Amino acid sequence: MTARVYYHARRESAPFDSPDRGPLAFHRRLEGYAPTPLSEAPEIARLFGVERVLLKVEAERLGLPAFKILGASWAIYRTLQSRLPELRDDWTTTHELAARVSSLRPLTLVTATDGNHGRAVAHIARRLGFDARIYLPAHTAKARLDGIASEGAQVRIVDGTYDDAVARSARDASERCLVISDTSWAGYEEVPRWVMEGYSTIFCEIDDELARRNQRGPDLTAVQTGVGALAAAVVQHYRLTKRDPHPVIVNVEPLHAACMLAAMEAGEIVTVPGPHDSIMAGLNCGRASTIAWPIVSKGVDAFIAVDDDRAREAMRLLGSAGVAAGETGAAGLAGLLELLTGVDREKNRAALRVNEKTCVLILVTEGATDPKSYAEIVGTFEPTRTLRKPSGNA
């Protein structure tokens, strides 16, 4: 089996209000902030038989090669505010913020990760003068381990899966150790909710850029999913009560770690047993987040699990279009490749309401975070051309 698909026949339009732009205002004050590119990929649009394919490329975000720092930084900030009620939003630089929270030192920020979230937590900890301790499953690529270590963090390897690393990190919680997890469990929900809120910056940037170009929003978007935090952020943004039309949302997971798809089939959160060994390392999660699941299960139209060959194909296709994307970063495109070019493409196009006028949004959530693996799959990345930035009316 190379793919599994689940269509959500009873998808609900959850009544979410307009997104809070507080996270965007916060991120704009961090050193190195700039909106990430929103570009067109006409070759992929022709392959899919659609009018437009938009790529939101998170290959460089606030000094790191992935989007995760948006959620980690906002969650850390809100957690620090809960410790320091006098911490207001009137600071202007990261250096000033570090001075404002200095009374909390010594303090260690702890999390579990497959790579990108842990590095983001470590990066913010270093900027604010805190320590960081990051737990990783044993299969983590050396390049990702080295990236976390380069931020000055303590790196701890857990003999087990990502979910085992999460359980181990939770035991460190104390007055001087703050757990900053992007997944939730019973009694631990506030911080992961803040992580989800932090991702809203991506979609505010997309809205602002499309408004500047006088272009319409997407009709179809694909989101890669591990525990579900990013997928929940997509649902919360694109299922707004006043938004018309609501785009079709596709949830993409690895074939052997499809915890959201399994939960949809079971009607409740279930654990997908390991090994979770997909090359889409950031998605190797065996159990959905308890706060993401109610949102995703109501707002996503289709769930697809794909094998690693589709991820490799997506990486090569993005590379030919001028984007170096890691395995997890290419996963959204991998899901659409299966749906729109696979054996059941005609059936899937009808179910997803795809035609020659469709605008597709693909989230490229990371750059080439494991250069060795990237070289083996795609080759040396040489940006011989750039993606075309849309202009004019939709």
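At what angle do the axes of helix α3 and helix α8 cross, and within what distance do they come? The axes of α3 (residues 69-83) and α8 (residues 190-198) cross at roughly 130 degrees and come within 7 Å. The model is a predicted one, in which local features need pLDDT of at least 70 and side-chain atom pairs count only at pLDDT 80 or more, while totals for chains, interfaces and linings use all residues. Residues are numbered from 1 along each chain as its sequence is written, and side-chain values use heavy atoms, with hydrogens and water left out.

**Helix packing**

Helices (H or I, at least four residues) and strands (E, at least two) are DSSP runs numbered from the N terminus. Axes are lines fitted to C-alpha atoms, for helices over the stretch in contact, with angles from 0 to 180 degrees between N-to-C directions. Angles under 35 degrees count as roughly parallel, over 145 as roughly antiparallel, 65 to 115 as roughly perpendicular and the rest as oblique; α3 and α8 are therefore oblique to each other. Their contact (heavy atoms within 4.5 Å) involves L70, G71, W74, A75, R78 and T79 on α3 and V191, W194, V195, E197 and G198 on α8. By class, this contact has six nonpolar, three polar and two charged residues. In this classification Ala, Val, Leu, Ile, Met, Phe, Trp, Tyr, Cys and Pro are nonpolar, Asp, Glu, Lys and Arg are charged, and the others, Gly among them, are polar.

**Cavities and a pocket**

On a 1 Å grid over the protein atoms alone, a cavity is a set of points where a 1.4 Å probe fits but cannot get out, and a pocket is an open set with protein on both sides within 12 Å along at least five of seven lines; lining residues have an atom within 4 Å of a point. Grid points are joined across faces, edges and corners, and a volume is the space filled by probe spheres set on the points. The structure holds two cavities of 30 Å³ or more.

| Space | Volume | Lining by class |
|---|---|---|
| Largest cavity | about 310 Å³ | 11 nonpolar, 11 polar, five charged residues |
| Second largest cavity | about 60 Å³ | eight nonpolar, two polar, no charged residues |
| Second largest pocket | about 230 Å³ | five nonpolar, six polar, seven charged residues |

Of the 27 residues lining the largest cavity, F67, K68, D182, G282 and L283 are the closest to its centre. Both α5 (116-128) and α10 (229-238) supply at least two residues of this lining, and α10 gives the most, with three residues.

The second largest cavity is lined by F26, L30, S73, I76, Y77, L80, T94, L97, I124 and L128. Helix α3 provides the largest share of this lining, four residues, and α3, α4 (94-100) and α5 each supply at least two.

The second largest pocket has 18 lining residues, of which A141, R144, I279, D370 and S373 are the closest to its centre. Two or more residues of the lining come from each of α6 (142-149) and α16 (371-377), and α16 gives the most, with four residues.

**Backbone features in loops**

The peptide bond from R105 to P106 is cis, with omega near 0 degrees; P106 is found in the loop between α4 and β4 (108-112). A cis peptide bond also joins G274 to P275, with omega near 5 degrees, and P275 is placed in the loop between α11 (259-266) and α12 (292-299). L62, in the loop between β3 (52-57) and α3, has phi near 55 degrees, a positive value in a residue other than glycine.
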